[in-house]
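Reader: I would like a close look at a single part of this protein, with some context for the whole chain. Please keep the account plain.

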Amino acid sequence: MKTKLFTLALIYLLQWQYLRAQSVPPKFESLKLNSSPAFVMLGTEPDNIQRPSTPTQFVAGMNNAMVDGKLQPNVAFEFSPYYLANPKKDSKQFNPSYYLLDKQNLIKTMKRTFSVSMGTSSTDKQVFGNLKPGTGIGLGLNFLLLDGKPSPQLKKWNDAYIKQAFYDKFAAMARVYAGKDFDISLIMNQAFYTLENDILPAEEFNTLSQKELKNFIETVSKTVLYDLKAAGIEKDKDATVKFLDNLATDALKVESIELDLLNKQSNPLSKQGFMIEFSAGQAYVFEDNNFSELSLAKSAFWLTPSYRWDVSSENSQSISLLDLMAVIRYTSNNSEAGVDLGNYLDTGTKMAFTQNKWTGSLEFVYRHASETPPNVNKNYTYRLTSGIDYKISDLLTFKFNFGTGFDGNTSTYTDPKKIFAIGGLNFGLMGLKLK
């Protein structure tokens, strides 16, 4: 018996390695482009509150913003040191199981989601006060403290993917069975052993716990053996192989449907549930665009808690997501350089609804200043913004924002608020996702 098991396993593993070498990994669409803390520090991001995005090895993007009343393009890039130091074989595909599905503690979450960003923009005199106009440089970092959980659709696809992979390998084992008498029970036991010890550890998208694996094995054993015996083909190798091939084909169809539904999501790789992100940054200005005249303008740190609900109806072909976000931010202005007299405390909330690749949002942020000029009789301002965006492709997103922004620095708090409307395309100049 042991010799037969060894021979069967050896033949199967050789064929399995051959099949794996020929297989094509499933493809995920990447995330919509998100803004980085660097853009927030420069005051050029129409969205002031955003959900955390998936960390990337390196991504660069360009968006539009109002600077001194004119529409200006701004460029930023962001990278994650952890993934640069731990590259995968194919750096163009993100590995969902590694980031989204792995059980993480606080330190691991912070390490894996730590990102550094840098952005540049023309400076706005109402944001940078008495600093001479020039080029602004924003530096930022961010990481998650609580990282939520994977979307139910990702979990459904993952389970279908594992089931299809198992049926495919089970059929391959039956096909190469070399015993004198065809023994489906022996093949099944060895198939489950291989599933647990060889297939699942090698799969990129495995999330089955020991309990889930045990339930999977019990369910499949009962179902397959019952169907084979009911058809009277459990001892017929050719008929059994055909039966298992049909199971693998049907499982592949289910897996393809689940993957298609997953890729219809606006953010297929973003997590759901409760998340908290910490961000910090600084803004510098090259006054008169002179390299020797670099001035620190402001520093800030903030927390962004968020919660996402999947509100899609059961068996729906569309994806509906509801997001509730908040922010609490402290900004220290360089008063000696004349940026502003006081420092800022921002608190705000945002609600967004996503239907497939469309997202609509409404945002309100209140800003309180610690000190104001003598001739200014109020120490607060606010921004109220609505937005619509559509993900055209992995690296191209259409955005339109309408509303009113912060009233510059404290010297303009009593001026009438100005309305802005910004429409345009966010271009991803480069985007390397991790496998």
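Predicted model: local features only at pLDDT ≥ 70, side-chain atom pairs only at ≥ 80, totals over all residues.

Reader: How do helix α7 and helix α10 pack, and at what angle?

Author: The protein has 435 residues, of which 49% are buried. Its secondary structure consists of 10 helices and 12 strands. Among contacts in the protein with a separation of 6 or more, 68% are between residues 24 or more positions apart.

Now the pair itself. Helix α7 covers residues 152-175 and helix α10 covers residues 237-263. The axes of the two helices lie 8 Å apart, and the packing angle is about 160°. Angles over 145 degrees count as roughly antiparallel, and α7 and α10 are therefore roughly antiparallel to each other. The crossing in which α7 passes α10 is left-handed. As for composition, the contact of α7 with α10 involves 18 nonpolar residues, together with 7 charged and 2 polar ones.

N409 sits in the loop that runs between β11 (396-404) and β12 (419-432). The relative accessibility of N409 is 7%. Buried means under 20% relative accessible area, so N409 counts as buried. The side chain of N409 also takes part in a polar contact with the side chain of S411, at 2.4 Å.

Note on methods:
Residues numbered from 1 in each chain as written. Heavy atoms only, no water. Axes fitted to C-alpha atoms, helices over the stretch in contact; angles between N-to-C directions. Helix = DSSP H or I, 4+ residues; strand = E, 2+ residues; numbered from the N terminus. Parallel < 35°, antiparallel > 145°, perpendicular 65-115°, else oblique. Left-handed = near helix turned anticlockwise from the far one by under 90°. Nonpolar A, V, L, I, M, F, W, Y, C, P; charged D, E, K, R; others polar. Buried < 20%, exposed > 50% of the residue type's maximum accessible area, 1.4 Å probe, protein only. Polar contact = N/O pair within 3.5 Å; in protein donor to acceptor, adjacent residues only side chain to side chain. Contact = heavy atoms within 4.5 Å.
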